There are 2 protein chains.
Amino acid sequence: MSDETVLRGSAARPSGRAIKALTFDVFGTVVDWRSSIAREAEVLLAPKGLRLDWGDFADRWRALYQPAMQAVRSGERPFVVLDELHRENLLALLGERGIVLSGAEVEGLNRAWHRLDPWPDVIEGLGRLKPHFVLATLSNGNVALMVNMARRAGLAWDVILGAEVARAYKPEPRAYDCAALMLGLEPAECLMVAAHPADLRAAAARGFRTAYVHRPLENGSGREPQRPPDAFDYCADDLIELAGLLEPRRPEV
Amino acid sequence: MSDETVLRGSAARPSGRAIKALTFDVFGTVVDWRSSIAREAEVLLAPKGLRLDWGDFADRWRALYQPAMQAVRSGERPFVVLDELHRENLLALLGERGIVLSGAEVEGLNRAWHRLDPWPDVIEGLGRLKPHFVLATLSNGNVALMVNMARRAGLAWDVILGAEVARAYKPEPRAYDCAALMLGLEPAECLMVAAHPADLRAAAARGFRTAYVHRPLENGSGREPQRPPDAFDYCADDLIELAGLLEPRRPEV
């Protein structure tokens, strides 16, 4: 049995309150933002004669995401939704590269974040989880972005929560607190599902249970993250495996 | 052709921006609160030897709803969610009647608002509307109430909006403005669907389009409301009819 096998599909099986809702990080955990953004950038920009590394274009756009949110978190600027931060970041990136687009083209490319594709296991995984748990987004994406993404991809959310509703970007405590409050649940009844240890640690600090989902290809091949050493309540390779870990065990006959 | 027939299924077919989202009033428009509350009250209280008119019990509880919200709207008290107002109103009603319940019984009966049954046309109607429009709640009910109701009844919402998210009870302008803003839409791209003319008029004042759905049995038989004289954009007897009015017409061959 390899280490890999041992690490897969682990469940600490915490006792105490039953989990009633799953709150999901979305970018990277549920959808493959990098491939989707790279594809849309190529579709728009390649016909203009631009020859870029499209994955690198996606990475550079995404790299501006945390600093932009940090300006809101620090209070340097008032809350603005992610669509607006994405637009500002896109304009900065295009400016650096000397790429000139029309206003409509900028809007169209910015809306690519509403059209991200889910990882291959997601539709089946959410379908298996849905009968047992409230399924909520707890993303830094804004409501319209999450709604449009869900309708296009068929993501079976019961409710869209997260930064816009809380007016606070993760990992601010208020983002998690607001989600549990609006669900009418104790934090310990909520399971945060994410591919990012920092998100899970911030959720755990607010009393949430935690499920780490390993998404080795989030940042492209050759840049697989290490599995984190943190002890999360659940650890799975995808949402189908997570559903299996969470499904109630039938009593042995 | 009777007047009734003429009045049914009218559509002003407003021109201008295409409708992209339907925002629904829920209590009375989507679910039959009176029968559901009467049934749950009877199940809890009849075994205690209480012999009440259960529809009247539901009416009296509901009658305290607008005054309780008005205290929030007027600024007399800070925003509190509807679950809390419902609980206060239930305690007042039980007190008037001299009915003593345990804390757990009060909580259980208060949660009856999370278990309201939809009108018979709703599941099919929402299913027909869903492929064409974003389906949002725009209710004074809180998020947990809407989520639990939707999961139990199978209501196909894309997103839960309304009072708790806006921190304002309809018909305050902020409730409608916040919904359009979070959907990323112009108000004219949103169609407010409600059985209550005052709700539709308040939505129209914020730029929403309007669809009146006639729910003659909301307040029990023998107390059917008049069809309103207001000119709403659409007027239907149920959500299936509304779906028919809104479905894109196929071009004539």
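In this predicted model, helices H5(A) and H6(A) sit oblique to each other. The angle between them is about 120°, and their axes lie 10 Å apart, with H5 covering residues 82-97 of chain A and H6 covering residues 103-110 of chain A. The crossing of H5(A) and H6(A) is right-handed. On the H5(A) side, the contact is built from Asp83(A), His86(A), Arg87(A), Leu90(A) and Leu91(A), while H6(A) brings in Val106(A), Leu109(A) and Asn110(A). Sorted by class, that makes four nonpolar, two polar and two charged residues.

Chain A also holds an open sheet of seven strands, and reading across it gives the order E1-E7-E6-E5-E2-E3-E4, with mixed pairing. The edges belong to E1 (10-11) and E4 (159-162) of chain A; each has a single partner strand, so one side of each has no neighbour in the sheet. For E4(A), there is a parallel pairing with E3 (residues 134-139) of chain A, made over four bridges. Within this pairing, Leu138(A) is found opposite Leu161(A) of E4(A).

Then there is the meeting of the two chains, to which chain A and chain B each give 14 residues. H8(A) provides the largest share, five residues. By class, the side of chain A that touches chain B has ten nonpolar residues, one polar and three charged.

Definitions and conventions:
Residues are numbered from 1 along each chain as its sequence is written. Chains are lettered from A and ligands numbered from 1 in the order in which they are written. This is a predicted model: local features need pLDDT of at least 70, side-chain atom pairs count only at pLDDT 80 or more; totals for chains, interfaces and linings use all residues. Two strands pair if DSSP finds at least two bridges between them. Helices (H or I, at least four residues) and strands (E, at least two) are DSSP runs, numbered from the N terminus. Axes are lines fitted to C-alpha atoms, for helices over the stretch in contact, and angles run from 0 to 180 degrees between N-to-C directions. Angles under 35 degrees count as roughly parallel, over 145 as roughly antiparallel, 65 to 115 as roughly perpendicular and the rest as oblique. A crossing is left-handed if the near helix is turned anticlockwise from the far one by less than a right angle, and right-handed if clockwise. Two residues are in contact if their C-beta atoms, placed from the backbone, lie within 7 Å. Ala, Val, Leu, Ile, Met, Phe, Trp, Tyr, Cys and Pro count as nonpolar, Asp, Glu, Lys and Arg as charged, and the others, Gly among them, as polar.
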